[in-house]
Amino acid sequence: MATAQSERIFVLPGDQIDPSLIPSHPKKALRLGPGLRHIPPNELVPTVAGQLVTDPRKNSIWVEYNGGRYVPTVGDLVIGTVHHSATDYFYVTLSSYTSNAILPQLAFEMATKKTRPNLNPGALVYARVCLANRHMDPELECVSPSTGKADGLGPLNGGMLFEISLGMARRLLMRKSVEEGKVVVLEELGAAGLAFETAVGRNGKIWVNSEKTKTVLLVGRAVKETDEKSLTVDQQKKLVRKLVREMS
Amino acid sequence: MPREAEPSLNERAFVVQALQEGLRVDGRAFDQYRQLELKFGEQYGVADVTLGKTRILVKVSAEVTTPYTDRPFDGIFTITTELSPMASPAFEVNRPTETEVLLSRLLEKTVRRSNALDTESLCLVAGQKCWSIRVDLHVLSHDGNLIDVSCFAVVAALRHFRKPDTSIEGGHLTVYTPAEREPVPLSWLHSPFCVTFSFYGEGEITILDANLLEEQLRVSSCTISLNRHGEICQIAKLGGTPVEAATLLQCASVALNKVKEFSTLLDQKLAEDAKRRNKGGLLAELSAENER
Amino acid sequence: MTVNSEPEALLSHLQNADGSATFSFSGYTVVGAVNGPIEVQRRDELPEEAAVDVIVRPAAGVGGTRERHLESLIQSTLRQIILVDNFPRTLIQIILQVTTTPENEYVNAKVAQATSNLPILPALLQTAVLSLLSAALPLTATLTSTSLAVVADGQSKKVVLNPSPREIETSQSFHVFSFTSHDELILAESEGSFTVKEWDEAFSVAQRQCCPPTNTDDGDTLMDDGSLPGANLKQFIRSTLEGKIASDLHWK
């Protein structure tokens with residue numbers, strides 16, 4: 001998609017978008033991604049500073065940027081901390097200083113009134129945002145409503161949580177994170193023979209677990225350094241080699 | 001009131017587990033500080049200090065006022081530490097949090113009560129006119145260990161500061177502008193620094209320069225303020241798990257080493273800054289000529 | 001002390017804030033941080049839109065009426081460009097910490113600073129906008145701001161752009177203007193005595209400064225007419241952000 005783009009198109013809030021850039025698909029409706037505002041009848045205006053990206057195949061257009069605070073969107077996978085629980089809900093913190101998201105106690109795989117999980121304040125959960133709009137607190141689920149399967153969602157036990165930028169989280173969660181997101185650090189660490197598991201939250205968090213404390217620290221540090229120092233694919237490989245050598 | 005997200009149970013367990021194995025999350029050694037950087041401003045008395053992701057800006061200013069009636073021979077010296085929501089939205093304007101109160105008390109004890117600044121030298125006309133030296137401390141970014149960084153920044157800014165030169169002729173006070181006479185440094189007696197120790201487990205694990213996460217998880221902490229000659233200004237161990245006397249003694253000797261490092265760094269930076277300013281030394285020469 | 005005639009900025013350098021910027025121009029340096037949308041206190045909650053909170057802190061001394069005045073001016077200006085109805089019942093907090101103000105070599109600096117409140121306003125507004133952009137908060141437009149002084153020049157009067165503290169002191173009137181990137185006037189504050197004609201003149205100089213004819217539609221380089229004194233702030237914001245986005249999206 002982005003590879004088809006020959007040059008970067010940089011936009012500021014309020015800029016005019018050249019109509020020729022807006023994809024026009026004969027059948028599909030135009031899909032607007034983040035960072036754009038539709039002013040009826042037919043004006044499209046960017047609301048953030050970023051790079052304008054279009055996907056003619058999906059007939060979608062959005063502004064790619066990194067930074068800011070996480071704003072919940074339906075379908076996002078997030079890592080939250082249980083703040084407290086009430087009769088039917090867990091109240092979950094997704095980021096500091098924002099109001100809590102709610103997670104129904106029955107929104108877990110195989111959960112019934114008798115078998116629902118018991119999560120203490122401070123427990124981590126990996127969940128999907130299933131309801132998010134500006135007037136309500138976001139709602140989460142740890143089970144797929146169609147299949148009734150957890151699909152890897154649910155409480156996260158042990159391990160360590162690391163903070164990453166929202167852009168990094170987005171790259172790690174891409175279906176083709178190596179080709180499109182240009183992040184190979186986790187693959188390289190796995191190839192180096194380290195055994196660990198991870199969960200990435202779109203709200204800028206990565207959870208890492210392993211039997212060895214050292215491995216957890218190494219993985220966390222590698223991901224954070226890739227993020228903070230904007231490492232290229234080659235630099236990531238080099239970093240992993242260096243870290244693995246230091247550990248052994 | 002917006003609240004700070006508490007560390008999760010997983011983080012709590014992991015950080016402590018790692019410490020017990022001798023590891024810190026950011027890979028530092030237990031007695032290792034993050035990268036400490038000091039920059040002086042274009043103006044005198046401005047110090048910008050960063051320690052990892054913690055960043056503090058201190059500005060010193062001076063003005064002529066009347067001294068307190070009960071202390072006619074002393075100048076006025078105040079340190080203001082108001083934490084703004086810039087450091088964290090949990091800090092509210094005009095509502096001091098515990099962090100802020102503790103920080104200002106410690107600076108008060110370390111810098112003001114230890115007579116680091118000779119306040120008598122600030123007196124101009126006894127009972128009538130004196131200098132009021134004001135230190136404003138701004139926390140721009142808070143990632144733990146505010147106390148050590150603040151103290152370092154305050155001392156750095158005060159030592160860098162120059163107040164306008166004055167003269168008294170026949171009871172008449174003249175304050176010279178920087179264009180007329182080069183400003184003069186403060187009469188500085190010694191440079192105290194704070195070193196904060198954080199304890200984990202039963203108090204047997206001791207680390208230096210805890211970041212915000214480590215600070216949230218420590219079982220107790222202890223701040224020792226002293227100067228390079230080993231003269232201790234204060235020791236604060238406010239509640240928390242008790243710590244063995246032997247550990248405290250150990251801490252004191254570690255603190256002395258760290259303070260010597262801080263002292264050397266500050267002296268070096270001050271010398272560098274003086275050299276840099278002297279390059280445009282032409283200006284100073286010119287103003288000296290103009291006096292006559 | 002050197003006064004920089006070219007604006008300088010550093011973006012997203014405070015890691016704990018959602019957005020941050022340091023902006024220096026004509027002797028002023030301001031550090032700005034933006035947090036939001038975050039939870040708002042009940043008493044400040046607005047049911048249909050985000051509350052915008054602006055906090056201005058002086059380099060020395062505690063804030064007073066002067067800071068409150070600036071805060072209210074900035075707050076009412078920024079509310080118009082932030083898409084506040086996107087985040088009802090939340091808070092967008094903008095903290096502006098002044099770190100440097102231009103020094104007058106001939107007057108002793110005091111805790112109580114210049115008599116006028118306005119000279120620092122353009123720097124504060126510019127910092128706030130850069131911080132908001134760094135926090136990726138949705139905006140309808142960006143804005144640029146400038147200050148002018150009307151100084152007596154013998155018999156006639158002349159308009160001075162970005163005046164120094166000394167020029168402000170001797171001026172007859174002082175004006176601050178802000179324009180959105182759509183070239184609409186969003187803020188006009190004046191001090192001193194002036195005629196309508198003088199104001200008009202100041203306004204047109206400010207307009208030429210803040211809304212230079214640019215060819216931004218396709219992101220092309222700006223037409224260089226070279227006749228404008230001072231910096232082109234509009235172009236400055238664009239190039240600053242372009243640099244940040246390019247480094248953020250280095251992987252694209």
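Predicted model: local features only at pLDDT ≥ 70, side-chain atom pairs only at ≥ 80, totals over all residues.
In chain C, the axes of helix α1 (residues 65-81) and helix α2 (residues 121-134) come within 11 Å and cross at roughly 45°. An axis is a line fitted to C-alpha atoms, for helices over the stretch in contact, and angles between N-to-C directions run from 0 to 180 degrees. α1(C) and α2(C) are therefore oblique to each other; angles under 35 degrees count as roughly parallel, over 145 as roughly antiparallel, 65 to 115 as roughly perpendicular, and the rest as oblique.

Residues are numbered from 1 along each chain as its sequence is written, and chains are lettered from A and ligands numbered from 1 in the order in which they are written.

From α1(C), the residues Leu70(C), Leu73(C), Ile74(C), Thr77(C) and Leu78(C) meet Leu121(C), Leu124(C), Leu125(C) and Ala128(C) of α2(C). Two residues are in contact if their C-beta atoms, placed from the backbone, lie within 7 Å. The residues of this contact between α1(C) and α2(C) are eight nonpolar, one polar and no charged. In this grouping Ala, Val, Leu, Ile, Met, Phe, Trp, Tyr, Cys and Pro are nonpolar, Asp, Glu, Lys and Arg are charged, and the others, Gly among them, are polar.

Chain A also has a helix pair. The axes of α3 (residues 213-228) and α4 (residues 233-247) of chain A come within 11 Å and cross at roughly 155°. That makes α3(A) roughly antiparallel to α4(A). The crossing of α3(A) and α4(A) is right-handed. On the α3(A) side the contact is made by Lys214(A), Leu218(A), Arg221(A), Ala222(A), Glu225(A) and Thr226(A), and on the α4(A) side by Gln236(A), Leu239(A), Val240(A), Leu243(A) and Met247(A). By class, the contact of α3(A) with α4(A) has six nonpolar, two polar and three charged residues.

Chain A is divided into domain 1 (9-64), domain 2 (77-157) and domain 3 (161-247), with bounds that come from an automatic or database domain assignment. The centres of domain 2 and domain 3 of chain A, taken over C-alpha atoms, are separated by 25 Å. Eight residues of domain 2 of chain A are in contact with eight residues of domain 3 of chain A. On the domain 2 side, β7 (77-85) and β10 (124-131) of chain A are the elements that give two or more residues, and β7(A) gives the most, with three residues. That side of domain 2 of chain A has seven nonpolar, one polar and no charged residues.

| Side | Residues in contact | Classes |
|---|---|---|
| Chain A, touching chain C | 30 residues of chain A with 38 residues of chain C | nine nonpolar, 14 polar, seven charged residues |
| Chain B, touching chain C | 30 residues of chain B with 30 residues of chain C | 12 nonpolar, nine polar, nine charged residues |

Towards chain C, β5 (50-55) and α1 (166-173) of chain A each supply at least two residues. On the side of chain B that touches chain C, the elements that give two or more residues are β3 (54-65) and β6 of chain B.

Most residues other than glycine have a negative phi, and most peptide bonds are trans. A cis peptide bond joins Pro40(A) and Pro41(A), with omega about 5°; Pro41(A) is in the loop between β3 (36-39) and β4 (43-46) of chain A. Another cis peptide bond joins Gly36(C) and Pro37(C), with omega about 0°, and Pro37(C) lies in strand β3 (residues 28-39) of chain C. Asn145(B), a residue other than glycine, has a positive phi, near 55°, and is placed in the loop between β6 (129-141) and α3 of chain B.

Confidence is given as pLDDT, the predictor's score for each residue from 0 to 100. Chain A averages 91, and 98% of the residues score at least 70. Over residues 1-5 of chain A the pLDDT is below 50, and beyond near neighbours in sequence this stretch has four contacts in the model. Chain B averages a pLDDT of 90, with 95% of the residues scoring at least 70.

Key
Helix = DSSP H or I, 4+ residues; strand = E, 2+ residues; numbered from the N terminus. Left-handed = near helix turned anticlockwise from the far one by under 90°.
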